[in-house]
Amino acid sequence: MYLSRHDRLNNWDFVDRGSYNIIGEFLMDKPRDILYKLAKSDDIWERRTAMVSTYAFIKKNQLDDTFQIADILINDHEELINKAVGSWIREAGKKDENRLKSFLDKHAKTMPRVTLRYAIEKLDKPTKEYYLNLKKEKANG
């Protein structure tokens, strides 16, 4: 029902309040194909729903979908998607910092700066500086 009325969701707050509690929790023991379909949607709120829904999985130490959907959305043109990607990979990184670092090693040079900033927020200072410098290197050369 939530997805059938998704057209009524028209801001990030509506998406964030319902996605992981409704969609994410519902999909805990089901196939998650719908999230990948939403991640490829033209609709910003559907793409954000795909990313934010994974928080339910993160809380249960199931990180694969978070990083796979982040991989789809990593260079999205919308800042609200960039912030969601950064936020949820950061949260996943609290469960598995090495997995976050591996993702950042692959994408830090090219990902939107806001995504990188959100993603590294909880890392130690030298690690933050390392990833920010990767971004600067790409920008300078």
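The model is predicted, and its protein chain holds nine helices and zero strands, so that the pattern read along the sequence is α-α-α-α-α-α-α-α-α. Of the 141 residues in the chain, 49% count as buried. Among contacts with a separation of 6 or more, 64% are made by residues 24 or more positions apart.

**The nonpolar core**

- The largest nonpolar core has 39 residues, and those that touch the most other members are M51, I69, I89, L104 and L116.
- At least two residues of this core are supplied by each of α2 (33-39), α3 (44-53), α4 (55-58), α5 (64-73), α6, α7 (97-107), α8 and α9 (125-140), while the largest share, six residues, comes from α6.
- In soluble globular proteins, nonpolar side chains tend to be buried together.
- M51, one of the core residues named above, touches T66, I69, A70, L73, A84, V85 and W88 when residues up to four places away in sequence are not counted.

**Helix α6 against helix α3**

- Two packed helices are described by the angle between their axes and the distance between the axes.
- For α3 and α6, the axes come within 9 Å and cross at roughly 5 degrees; because angles under 35 degrees count as roughly parallel, these two helices are roughly parallel to each other.
- On the α3 side the contact is made by I44, W45, R47, R48, M51 and V52, which meet L80, I81, A84, V85 and W88 in α6.
- The residues of this contact between α3 and α6 divide into nine nonpolar, no polar and two charged.

**Helix α6 against helix α8**

- Helix α6 (residues 79-95) packs with helix α8 (residues 113-120) at an angle of about 25 degrees, and their axes are 7 Å apart.
- With that angle, α6 and α8 are therefore roughly parallel to each other, and α6 passes α8 in a right-handed crossing.
- The residues of α6 that take part are E79, N82, K83, V85, G86, S87, I89 and R90, and they meet V114, T115, Y118 and A119 in α8.
- Here the residues of the contact divide into five nonpolar, four polar and three charged.

**Helix α5 and the buried residue D65**

- The residues D65, T66, F67, I69, A70 and L73 are buried in α5, and what covers the buried residues of this helix includes α2, α3, α4, α6 and α7.
- D65, which is found in helix α5, has a relative accessible area of 10% and is therefore buried, since buried means under 20%.
- Leaving aside neighbours within four places in sequence, D65 is in contact with R32, Y36, T54 and F57.
- D65 and Y55 are 10 residues apart in sequence, and their C-alpha atoms are 9.7 Å apart in space.

**The exposed residue K106 in helix α7**

- K106 lies in helix α7 and has a relative accessible area of 57%, so K106 is exposed, the cut-off for exposed being over 50%.
- Along the chain K106 and D71 are 35 residues apart, and a distance of 9.9 Å separates their C-alpha atoms.

Definitions and conventions:
Residues are numbered from 1 along each chain as its sequence is written. This is a predicted model: local features need pLDDT of at least 70, side-chain atom pairs count only at pLDDT 80 or more; totals for chains, interfaces and linings use all residues. Side-chain values use heavy atoms; hydrogens and water are left out. Axes are lines fitted to C-alpha atoms, for helices over the stretch in contact, and angles run from 0 to 180 degrees between N-to-C directions. Helices (H or I, at least four residues) and strands (E, at least two) are DSSP runs, numbered from the N terminus. Angles under 35 degrees count as roughly parallel, over 145 as roughly antiparallel, 65 to 115 as roughly perpendicular and the rest as oblique. A crossing is left-handed if the near helix is turned anticlockwise from the far one by less than a right angle, and right-handed if clockwise. Contact means heavy atoms within 4.5 Å. Ala, Val, Leu, Ile, Met, Phe, Trp, Tyr, Cys and Pro count as nonpolar, Asp, Glu, Lys and Arg as charged, and the others, Gly among them, as polar. A nonpolar core is a set of buried Ala, Val, Leu, Ile, Met, Phe, Trp, Tyr and Cys residues joined through side-chain atoms within 4.5 Å. Buried means under 20% relative accessible area, exposed over 50%, partly exposed in between (1.4 Å probe, protein chains only).
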